[in-house]
Amino acid sequence: MRLALAEAELAAKGGDVPVGAVVLSPDGTTVLATGHNEREATGDPTAHAEVLALRRAAAELGAWRLTGCTLVVTLEPCTMCAGALVQSRVDRVVYGARDEKAGAAGSLWDVVRDRRLNHRPEVVHGVLADECSAQLTDFFRGR
């Protein structure tokens with residue numbers, strides 16, 4: 001999560017909402033890819049930290065299936081990112097801060113654990129939640 005927090009700081013420096021993500025290999029120790037929000041930097045509405053990290057991890061592995069991998073992200077994934085997590089077949093999602101307004105991993109919706117879908121990653125929430133929340137709060141206070 002500390003690496004994801006550092007990625008989030010890069011997003012803030014670029015004028016984006018500070019969200020950072022890391023994809024870990026199935027062994028849980030190797031970082032396959034990182035990402036941070038780049039919507040403002042690229043003008044791409046899909047340039048969320050999770051989507052970018054998933055794309056980079058798939059490129060690193062040479063396959064779209066990220067079976068066994070873990071995505072660590074500072075903010076609970078939105079519906080778009082939750083859908084990408086299901087589609088990429090990650091085994092686990094670890095997030096810090098809850099997103100009561102747009103969260104789709106247990107707060108507002110629970111897309112990642114919807115029994116109607118063919119894949120349901122494990123969800124671990126609240127990891128360094130205070131630090132993740134503070135980073136977001138500081139960013140929005142500055143605006």
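User: Let me start with a loop: between which two elements does Leu128 lie?

Analyst: Leu128 lies in the loop between strand E5 (122–125) and helix H5 (129–141). Those labels come from DSSP runs counted from the N terminus: a helix is H or I over at least four residues, and a strand is E over at least two. Before we go on, this is a predicted model, in which local features need pLDDT of at least 70 and side-chain atom pairs count only at pLDDT 80 or more, while totals for chains, interfaces and linings use all residues. Residues are numbered from 1 along each chain as its sequence is written, and side-chain values use heavy atoms, with hydrogens and water left out.

User: What is the phi of Leu128?

Analyst: The general idea comes first: most residues other than glycine have a negative phi. Leu128 has a positive phi of about 50°, although it is not a glycine. Leu128 is also partly exposed, at a relative accessible area of 28%. On that scale, buried means under 20% relative accessible area, exposed means over 50%, and partly exposed lies in between, with a 1.4 Å probe and protein chains only.

User: Which residue follows H4, and what is its phi?

Analyst: H4 is followed by Arg89, with a positive phi near 70°. Arg89, too, is a residue other than glycine. Its place is the loop between H4 and strand E4 (92–97). With a relative accessible area of 19%, Arg89 counts as buried.

User: Which residues of H4 itself are buried?

Analyst: In H4 they are Cys81, Ala82, Leu85, Val86 and Ser88. As a guide to such patterns, an α-helix has 3.6 residues a turn, so residues three or four places apart point the same way. The cover over the buried residues of H4 includes H3, E3 and E4. Cover here is judged by contact, meaning heavy atoms within 4.5 Å.

User: How far apart are the end C-alpha atoms of helix H3?

Analyst: The rule for the expected span is 1.5 Å times one less than the number of residues in the helix. H3 (residues 49–61) has 13 residues and should span 18 Å, and its end C-alpha atoms are 18 Å apart, which agrees. Just after H3, Gly62 takes a positive phi of about 75°.

User: What do the buried residues of H3 pack against?

Analyst: The buried set in H3 is Ala49, Glu50, Val51, Leu52, Ala53, Leu54, Ala57 and Ala58. They pack against strands E1 (20–24), E2 (31–36) and E3 (70–75), and against helix H4 (79–88). Setting aside neighbours within four places in sequence, Arg55 is in contact with Asp44 and Thr46.

User: Which residues does Ala4 contact beyond its neighbours within four places in sequence?

Analyst: Ala4 sits in helix H1 (residues 2–13) and is buried, at 0% relative accessibility. Beyond those neighbours, Ala4 is in contact with Gly20, Ala21, Val22, Val72 and Thr74. The C-alpha atoms of Ala4 and Gly35 are 31 residues apart along the chain, yet separated by 8.0 Å.

User: Is Gln135 buried or exposed?

Analyst: Gln135, in helix H5, is buried at a relative accessible area of 15%. Not counting residues up to four places away in sequence, Gln135 touches Leu5, Ala8, Glu9 and Pro18.

User: Now the whole protein: how many helices and strands are there?

Analyst: There are 5 helices and 5 strands, and along the sequence they follow the pattern α-β-β-α-α-β-α-β-β-α. The radius of gyration is 14 Å, close to the 15 Å that the globule rule gives for 143 residues, so the protein is as compact as a globular protein of that length. That radius is taken over C-alpha atoms, and the rule is 2.2 Å times the number of residues to the power 0.38. Along the principal axes, the C-alpha atoms fill a box of roughly 40 × 30 × 30 Å.

User: What share of the residues is buried?

Analyst: Buried residues make up 49% of the 143. Of the contacts between residues at least 6 apart in sequence, 56% join residues at least 24 apart.
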